[in-house]
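Me: I'd like to learn how to read a structure like this one. Could you take me through a few features, one at a time?

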Amino acid sequence: MQKIMVCIKRVVDYNVRIRVKPDGSGVATEGVKMSINPFDEIALEEALRIKERGEADEIVAVSIGTSDAQQQLRTALAMGADRAILVEAEGEIEPLSAARIFLDLVQQEQPGLVILGKQAIDDDCNQTGQMLAALWDRPQATFASELSLSDGKATVTREVDAGLEVMEVELPAVITTDLRLNEPRYVKLPDIMKAKKKPLDVRPAAQLDVDLTPQFSVIQTDPPAQREKGIMVSDVAALVNALQEKGLI
Amino acid sequence: MARVLIVAEHNGSALNPSTAKCVTCARSFPSDGVDIGVFGAADQAVANAAAMVEGVDKVIQVSADSSAGPVAAVLAPQVAELAAGYSHVFGPSTTFGKDLMPRVAALLGVGQLSDIMAVDGPHQFKRPIYAGNAIVTVTAPEDRPVVATVRTASYQASEGTGSASVETTDANASLPTHSRFVELRSASSDRPDLQTAAKVISGGRALASAENFDILYKLADTLNAAVGASRAAVDAGYVPNELQVGQTGKIIAPDLYVAIGISGAIQHLTGIKDAGTIVAINKDEEAPIFEVADIGLVGDLFKLVPELTAALEQS
């Protein structure tokens, strides 16, 4: 296989505890640490391992967002991606719009495999990979925890509610990653320097013939309902009493 | 007026309870009717169970020439075909629905709403973002179908007292052959199902080994409870992945949730927010799990859990 395309989203870092703005207009993201969506980092790591096994020649990391997303693409290049493409767009990009942009890139790049995270940890949508596969009319293997390639096919172990499901898909295909697929490598300083010289192509979304109009409107953002403060008990007997009082045992 | 199609989840022989939860969600706004579509190879028992869900008008069993197993790429064209004539197409926010519904939406050329947790009206819904740390109210356009997944932990299953008619139809959509189901591997267990159990006992990293989970299994058996785990315990290989509770695992809403040796990372708490009563046992009194626990007990789990099991056996 010649090429793997990895889709990357810039999101609020996994460790940041987000706050809802008091006026309900959204989530406060000003000044917070931003990172590659962790599932997308796993996607990139998997692509790197496939290339290191000699099963792919080139890895193209792609993202959609403001010019700030170049930082995350630079990180992807430092991890080992060969080149990067940023489709520059302002505002909220819904999964269907993202899938349409990725389809455009897929048609230009003709990758044998597209790998991306199963969900972004900001909107938790879990849609873009499936939508890209549908628009592309190609197979999808979502929630992958194991992936192997041979004879133009991918065998994928998927984490499903009932356990582990194995499926086989013909390439090209879209794979979305689950947590246990791999553990992404750390970026080394010399690689950060090298990444500065790798190509990062920035294209305005308006140049693509893609409808990016959002379909949904978010009219209010609220903090979740809080649970009432509980009680502490000192021993097992008191715990059993408390459970009996609530009629749970 | 609205008309809702619900995509049934099943394993070929039994209807998954998530389907009846979607029906409850669909019935929380005015509509002309709620129908269930059964796709893929399924015994008559699946359609019959769907017909018994209260509030269902019609069950449509779609037969297609494909033995591909529950493969989204094969099911999606069939769902999209049947979706014509419906204002809403819902599936459960289980791995089945999450895999399938976005593909259906894209085939219909519409966006998809994930994890509906409350309905304000036929085109206004609430859903969680940021691992449940914020709840957004979203409006969907009225001139195109609403394709969505329903957060099953937010809804009770509609009762099984209905008597809907069952129709059979053939799929006309052309189905791809590029995707093939190979096998499902699951650890067989006699314990209640984690997603639907009234009581759940969960263990975390502090259990320290697969063998040590035995003390949890004993407690679970005493309470007739399901067993769950934190991501840390699954990553460490103490238990299989299907036991993981949290943002990327299962979102559950049992009457009783007992978290043992689980510190309570935000991603885990997302999975248990709707539990009736949360009990936490942890040796670290500063553990975040105590912030959400209704009943907390600080101490050594290896001493306290067998003690609790013994006390419950006596009572």
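Me: Let's start with helix α4 of chain A: how many of its nine residues are buried?
Reply: A residue counts as buried when its relative accessible area is under 20%. This is a predicted model, and in it helix α4 (residues 128–136) of chain A has eight of its nine residues buried, so the helix is largely enclosed by the rest of the structure. Among the buried ones are M131(A), L132(A) and W136(A).

Me: What do the buried residues of α4(A) pack against?
Reply: Within chain A, they pack against α3 (95–109), β8 (113–117), β9 and β12. From chain B, α4 and β5 join in.

Me: Which residue follows α4(A), and is its phi positive or negative?
Reply: Here's the general idea: most residues other than glycine have a negative phi, and most peptide bonds are trans. The residue after α4(A) is D137(A), and its phi is positive, near 60°. D124(A) has a positive phi of about 50° although it is not a glycine, and N126(A) has one of about 60°.

Me: Are D124(A) and N126(A) buried or exposed?
Reply: Check their relative accessibility against the cut-off of 20%. D124(A) comes out at 8%, so it counts as buried. N126(A) is at 5%, so it is buried as well.

Me: And where does P172(A) lie?
Reply: P172(A) sits in the loop between β11 (163–170) and β12 of chain A.

Me: Now strands. Which strands does β9(A) pair with?
Reply: Look at the bridges and at the direction of each partner. Six bridges join β9(A) to strand β10 (residues 153–160) of chain A, and these two run antiparallel. On the other hand, β9(A) has three bridges to strand β12 (residues 173–177) of chain A, and that pairing is parallel. To trace them residue by residue, start with A144(A), whose bridge partner in β10(A) is R158(A), then go to A141(A), whose partner in β12(A) is I175(A).

Me: How many residues lie between β9(A) and β10(A)?
Reply: Two, and the strands form a hairpin. In the turn, D151(A) has a positive phi of about 50°.

Me: How many of the residues of β9(A) are buried?
Reply: For strand β9 (residues 140–150) of chain A the count is eight of 11, so the strand is largely enclosed by the rest of the structure. While you're there, look at the ring of F143(A): the charged end of K118(A) sits over it, 5.7 Å from its centre.

Me: Over in chain B, in what order do the strands of the open sheet come?
Reply: In a regular strand the side chains alternate between the two faces of the sheet. Chain B has seven strands in an open sheet, with parallel pairing, in the order β5-β9-β4-β1-β2-β3-β10. At the edges stand β5 (112–116) and β10 (165–170) of chain B, each with a single partner strand, so one side of each is left without a neighbour in the sheet. Neighbouring strands are turned by 25° against each other on average, direction ignored.

Me: Which strand is joined to β5(B), and by how many bridges?
Reply: The partner is strand β9 (residues 146–150) of chain B, running parallel and joined by three bridges. I116(B), for instance, has V150(B) as its bridge partner in β9(B). Helix α4 (residues 95–108) of chain B lies across β1 (4–7), β4 (88–92), β5 and β9 of chain B, and runs at about 175° to β9(B).

Me: Last topic: how many aromatic pairs are there over all chains?
Reply: The count is three. In one of them, the rings of F29(B) and F90(B) have centres 6.2 Å apart and planes at 65°, so the pair is edge-to-face. F29(B) is in the loop between α1 (18–26) and β2 (34–38) of chain B, while F90(B) is in strand β4 of chain B, 61 residues apart. Both F29(B) and F90(B) are buried.

How values were computed:
Residues numbered from 1 in each chain as written. Chains lettered and ligands numbered in written order. Predicted model: local features only at pLDDT ≥ 70, side-chain atom pairs only at ≥ 80, totals over all residues. Heavy atoms only, no water. Pairing = 2+ DSSP bridges. Helix = DSSP H or I, 4+ residues; strand = E, 2+ residues; numbered from the N terminus. Axes fitted to C-alpha atoms, helices over the stretch in contact; angles between N-to-C directions. Contact = heavy atoms within 4.5 Å. Buried < 20%, exposed > 50% of the residue type's maximum accessible area, 1.4 Å probe, protein only. Phe/Tyr/Trp six-rings, centres within 6.5 Å; stacked < 30°, edge-to-face > 60°. Lys NZ or Arg CZ within 6 Å of the ring centre and 35° of its normal.
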